[in-house]
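Subject: Structure for you to look at

Dear colleague,

I am passing on the structure below, together with some notes on a pocket and on a few helix contacts. Please read the notes with the structure open beside you.

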Amino acid sequence: MGVSCGKHGKLTITDDDVIEKSNLSRQFLFRDWNIGQPKSTVAASAASSINPLMHIEALQNRVGSETESVFHDAFWENLNVVINALDNVNARLYVDQRCLYFQKPLLESGTLGAKCNTQMVIPHLTENYGASRDPPEKQAPMCTVHSFPHNIDHCLTWARSEFEGLLEKTPAEANAYLSNPSEYTSAMRSAGDAQARDNLERVIECLDSERCESFQDCITWARLKFEDYFSNRVKQLTYTFPEDAATSTGAPFWSAPKRFPRAVRFETSDSSHLHFIMAASILRAETFGIPIPDWVKNPKKLAEAIDKIIVPDFKPKADVKIVTDERATTLATASVDDADVINQLIMKLEQYRKNIPSDFRMKPIQFEKDDDTNYHMDMIAALANMRARNYSIPEVDKLQAKLIAGRIIPAIATATAMATGLVCLDLYKVIDGSHKLEDYRNTFANLALPLFSIAEPVGPKVIKHQNLSWTVWDRWIIKNNPTLRELLQWLSDKGLNAYSISFGSCLLYNSMFPRHKERMDKTMADLARDVAKVELPPYRNHLDVVVACEDDDDNDVDIPQVSVYFR
């Protein structure tokens with residue numbers, strides 16, 4: 001195409017990710033010897049070898065608010081066009097806002113299996129990416145996932161939730177407490193809700209009743225977890241809701257899609273049971289920094305270690321509440337006594353802390369699906385399959401579990417190639433700069449059907465006031481570091497009466513507050529420093545304020561963002 005091949009041309013690419021084996025099937029600039037290397041630098045090197053005339057700068061920074069010292073105002077202002085190849089909506093929305101702010105064309109695209117889409121975001125011609133949103137994905141109700149699963153997806157969703165709770169969130173909570181006990185307990189008291197109570201109970205379990213000091217302790221923990229998850233909880237559920245239970249309307253409680261569960265009896269002769277104990281005990285040992293012996297991978301020796309464990313008998317309780325409301329968003333039940341319970345739990349925690357070395361910290365484990373040697377998928381697959389066995393749901397192998405739990409939709413090279421080609425066609429139009437709205441095209445395609453939908457982009461919404469009109473692309477600029485009085489007068493000249501001005505989350509001016517009149521002769525930059533308590537970094541030459549205005553008839557007028565230049 002010849003892009004960035006001229007004397008003053010430059011292509012900047014950035015990606016904070018490294019190359020993984022799964023990338024090789026669709027990202028053709030990478031080879032197997034590049035696995036583990038930064039994507040951006042390898043791609044730049046490969047592209048330069050294809051076309052030595054290209055001027056490429058490769059960065060390894062994530063684009064976001066935390067890297068605005070790298071991707072500063074001058075960086076954005078010097079761009080001609082931005083091309084997205086992102087994998088999440090939040091990052092897309094951030095780049096969209098920056099392109100909107102600096103009025104840069106954005107060529108947006110995405111793929112999902114056999115589907116691909118492209119969206120052209122052109123300053124003053126089209127709506128921006130964030131102007132329309134896809135509906136949120138439908139999720140299974142929490143009570144279905146936790147108590148009434150009826151397919152393997154529910155079991156895997158539950159398994160991943162338990163994995164993260166046991167091995168990442170609870171150890172992280174324990175570390176937060178151990179690092180600063182007074183601050184942590186103060187935060188729990190301030191929250192004073194069921195979630196805070198639940199967090200404290202988990203930390204106490206982790207640091208006291210379920211604390212592991214040897215690998216045998218880890219095996220004991222894993223064996224008791226097996227009993228709790230796949231036997232005791234099922235016995236409690238079927239005690240609370242027997243097989244012949246009925247709803248308030250008289251209909252059978254255990255009617256489709258609900259499945260009546262059966263407790264699983266642990267057997268050392270069952271390889272899937274042993275595999276769960278092995279994976280769970282290894283990961284538990286990692287969180288406590290306990291060395292992992294080689295013999296744990298020997299089924300006979302592992303079975304011998306398990307046989308030493310005494311598993312207490314379980315008796316169902318009559319007063320246990322199990323959530324059945326599909327609209328419920330949490331399993332933690334609130335209580336009027338939460339504050340008292342939290343205080344008691346904190347007192348217990350303070351007592352237990354005396355028995356823990358001051359430098360002790362746990363090692364939280366973040367789920368990583370692509371490492372087949374870390375036992376993460378082993379544990380999740382074992383959790384899900386044992387739960388599936390409880391509910392007579394067909395079990396899956398580790399690869400199928402990885403696809404579902406890792407939320408992996410296999411990428412197809414042809415869909416990626418199609419999105420790339422469509423974006424490049426419109427890139428010619430953007431660089432030419434003389435094209436109208438009707439010349440651009442947004443595309444949605446599904447190669448599996450096949451379906452190809454191509455349409456003109458939608459124009460931006462136009463707002464009018466007196467003889468002025470503007471869209472989301474407009475930004476009002478006032479220079480020479482004005483005072484608050486000068487800014488208000490500048491808006492008044494446009495027929496607008498400003499009654500509120502804010503910077504970030506801080507209110508700089510409100511016409512209702514008499515004391516704010518004292519700020520009239522202060523510059524906007526000084527107000528940001530003194531009132532909002534912000535440091536204006538050297539790379540920033542302006543600040544953006546949100547102004548609430550009304551016209552002479554007291555009707556609110558939604559005006560563009562106002563940029564106040566102070567340098």
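In this predicted model, the lining of the second largest pocket draws at least two residues each from α3 (89–102) and β13 (542–550), where helices (H or I, at least four residues) and strands (E, at least two) are DSSP runs numbered from the N terminus. The largest share of that lining, 5 residues, is supplied by α3. In total 33 residues line the second largest pocket, and those nearest its centre are Gln97, Leu100, Tyr101, Val472 and Gln561. (A pocket, on a 1 Å grid over the protein atoms alone, is an open set of points where a 1.4 Å probe fits, with protein on both sides within 12 Å along at least five of seven lines, and lining residues have an atom within 4 Å of a point.) Sorted by class, the lining comprises 16 nonpolar, 6 polar and 11 charged residues, with Ala, Val, Leu, Ile, Met, Phe, Trp, Tyr, Cys and Pro counted as nonpolar, Asp, Glu, Lys and Arg as charged, and the others, Gly among them, as polar.

Residues are numbered from 1 along each chain as its sequence is written. Local features need pLDDT of at least 70 and side-chain atom pairs count only at pLDDT 80 or more, while totals for chains, interfaces and linings use all residues, and side-chain values use heavy atoms, with hydrogens and water left out.

The other notes concern α12 (residues 376–390) and its helix partners. With α8 (residues 215–240), α12 packs at an angle of about 20 degrees, the axes being 11 Å apart; axes are lines fitted to C-alpha atoms, for helices over the stretch in contact, and angles run from 0 to 180 degrees between N-to-C directions. The two helices are therefore roughly parallel, the word used for angles under 35 degrees. Phe226, Tyr229, Phe230 and Val234 in α8 are in contact (heavy atoms within 4.5 Å) with Leu383, Met386, Arg387 and Asn390 in α12.

Between α12 and α13 (residues 398–405) the angle is about 95 degrees and the axes lie 9 Å apart, which makes α12 roughly perpendicular to α13, a term that covers 65 to 115 degrees. This contact of α12 with α13 has 5 nonpolar, no polar and 3 charged residues.

Finally, the axes of α5 (residues 152–179) and α12 come within 8 Å and cross at roughly 130 degrees, so α5 is oblique to α12. Among the α5 residues that meet α12 are Trp158 and Phe163.

Best wishes

Definitions and conventions: Angles under 35 degrees count as roughly parallel, over 145 as roughly antiparallel, 65 to 115 as roughly perpendicular and the rest as oblique.
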